[in-house]
Amino acid sequence: MVELDTIFNSVKDRSLFKNKYVLQSNYYPEEILHRDNEVKHIASILAPSLLGQKTSNLFIYGKTGTGKTLSVQYVTNELTKRAKSSKILRIEYINCKLKKVADTEYRILAELIKKLGSEVPPTGLPTDQVYLKFIEILRNCEEKLLILILDEIDQAVKRISSDFLYNLTRLNSELDKIQIVIVGISNDLKFLDMIDQRVRSSLSEEELVFHPYNALQLQDILRKRSDIAFKSNCVSEGVIAKCAAFAAREHGDSRRALDLLRVAAEIAEREASTKIDMKHIDMANNKIERDKILDIVESGTKQFQLVLFSILDLSKSRPEEKIFTGNVYNYYENLAKRLNIDVLTQRRIGDLIAELDMLGLINAVVISKGRQGRTRQIKLAIPQKVSEKAREILVESLHL
DNA sequence: CGAGATTCATGTGAAGTATACCTTTAGGCTTAA
DNA sequence: AAGCCTAAAGGTATACTTCACATGAATCTCGTA
């Protein structure tokens, strides 16, 4: 019956994935690689909480995909496991970036109250009322300690003021039975400079920086995950290394590395390939880059799109010539008039061009042409294939 | 011929305006006691 | 009277404008050799 085996095996689904979930960003690995020191550090700071003692507030920062959230959650999970029996400790995690859930002072508090098992109307109450309610709930808590993890806290503080943090750190003096420990996580390395000195000193009693992974560490992480994610023998030699190298070049972002691998696998699958090859990594890299660009193009404002379209058109119609701000503005002006869209001032167009430069869609260098004044020299910075697709999107969205 | 002044076309910064959207609050309406 | 709802008032972020001044090399000017 060996024949049947081969027949069935050939019919069996061709998927390369055994468990795709492992490569997604919300997956929690059992073991965190190359973050031993950080995990230990966090654990040692938070350890006294098991006895119900107030620990130092902790502030963690590091770029995206360096394992901050993962490490913190790992430690807190372990803490909860050990503290479960004794009603000493309570840990709440809030991601401040989630739109419509926790991106204002009010909503963060409301979310907290909800997690602590009470309700607050989604809108309407003055903020200090919510504070009172929050304190009220805390007074009734059995636990002695609340560890509050505020992820992507920089996002929240950008829209709210740092007073919020100040209030939180000050709450402790109003509470007797329960104490709050704040663990802040931020992507922005300069975040602490932005906030108030008095908040700063109380918030970051302990600080911890997560450095980017290097290529070798990324390889370990990828290898480990791909063992679980893929069926055996699906990954060609060197794929992992290449993937890691790509991601390491972009500030050691592990999320990026995993995305790359996942997208590469999806591409390989679509090609009905039995293995993930080097070329798939390249394709995946292009696709991710391309999606990012197209996303920017698609989500920009009309004026933004119009300016981009002008640059696209200019560099297409006369590729040899250099493009300057003035050219773009003239072209843009005509276009806008024709489309019956308000014509913006040159000042603003200059800013929009600077924005395009920041986003990496174009390269713009300020040069002086002597008597012919100063201007930006603009060059398209996206591959031709992508720019054609971008053009299509723009034609569509501007009803050209 | 060369040092310094001039000039051009736009960069850059600050401050102000318009608009849309959100929060807050006060007043009025409803409901339950 | 307490609670709830709503609409006006007040706030805030965004996208833009206006005004004012800054830049820096090609070009012009003029004194000098």
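## The surface near DNA strand C

A residue is near a strand if one of its heavy atoms lies within 4 Å of that strand. In this predicted model, DNA strand C is surrounded by 13 residues, and the closest of them are Gln303, Thr345, Arg348, Gly370 and Arg374. Sorted by residue class, the surface near DNA strand C divides into two nonpolar, six polar and five charged residues.

A polar side-chain atom of arginine 348 lies 2.6 Å from a phosphate oxygen of DNA strand C. For glycine 370, a backbone N or O atom lies 3.1 Å from a base nitrogen of DNA strand C, and for arginine 371 a backbone N or O atom is found 3.2 Å from a sugar or linking oxygen of DNA strand C.

## The overall fold of chain A

The secondary structure of chain A comes to 17 helices and eight strands, and 46% of the 400 residues of chain A count as buried. When contacts in chain A between residues at least 6 apart in sequence are considered, 71% of these contacts join residues at least 24 apart.

Helix H17 spans residues 384-397, which gives it 14 residues, and it reaches 20 Å from its first C-alpha to its last, close to the 20 Å expected at 1.5 Å a residue. The buried residues of H17 are Val386, Ser387, Ala390, Ile393 and Leu394. Seen down the axis of H17, these buried residues fall within an arc of 115°, so they line one face of the helix.

The buried residues of H17 are covered by elements that include helix H13 (278-299), helix H14 (302-317) and strand S8 (374-380). The face of H17 turned away from its buried side carries the exposed residues Gln384, Lys385 and Glu396. Following H17 is histidine 399, whose phi is positive, near 55°.

## Positive phi in two loops

Most residues other than glycine have a negative phi. Against that background, histidine 251 has a phi near 45°, a positive value in a residue other than glycine. Histidine 251 is found in the loop between helix H11 (239-249) and helix H12 (254-270), and with a relative accessible area of 45% histidine 251 is partly exposed.

Asparagine 340 likewise has a positive phi, near 65°, and is a residue other than glycine. The loop that holds asparagine 340 runs between helix H15 (325-339) and helix H16 (346-358). Because exposed means over 50% relative accessible area, asparagine 340, at 72% relative accessibility, counts as exposed.

Glutamine 219 lies in helix H10, which covers residues 215-229. Because buried means under 20% relative accessible area, glutamine 219, at 16% relative accessibility, counts as buried. Leaving aside its neighbours within four places in sequence, glutamine 219 is in contact with Ile240, Ala241 and Ala244.

Definitions and conventions
Residues numbered from 1 in each chain as written. Chains lettered and ligands numbered in written order. Predicted model: local features only at pLDDT ≥ 70, side-chain atom pairs only at ≥ 80, totals over all residues. Heavy atoms only, no water. Polar contact = N/O pair within 3.5 Å; in protein donor to acceptor, adjacent residues only side chain to side chain. Nonpolar A, V, L, I, M, F, W, Y, C, P; charged D, E, K, R; others polar. Helix = DSSP H or I, 4+ residues; strand = E, 2+ residues; numbered from the N terminus. Expected span 1.5 Å × (residues − 1). Buried < 20%, exposed > 50% of the residue type's maximum accessible area, 1.4 Å probe, protein only. Arc of directions from axis to C-beta. Contact = heavy atoms within 4.5 Å.
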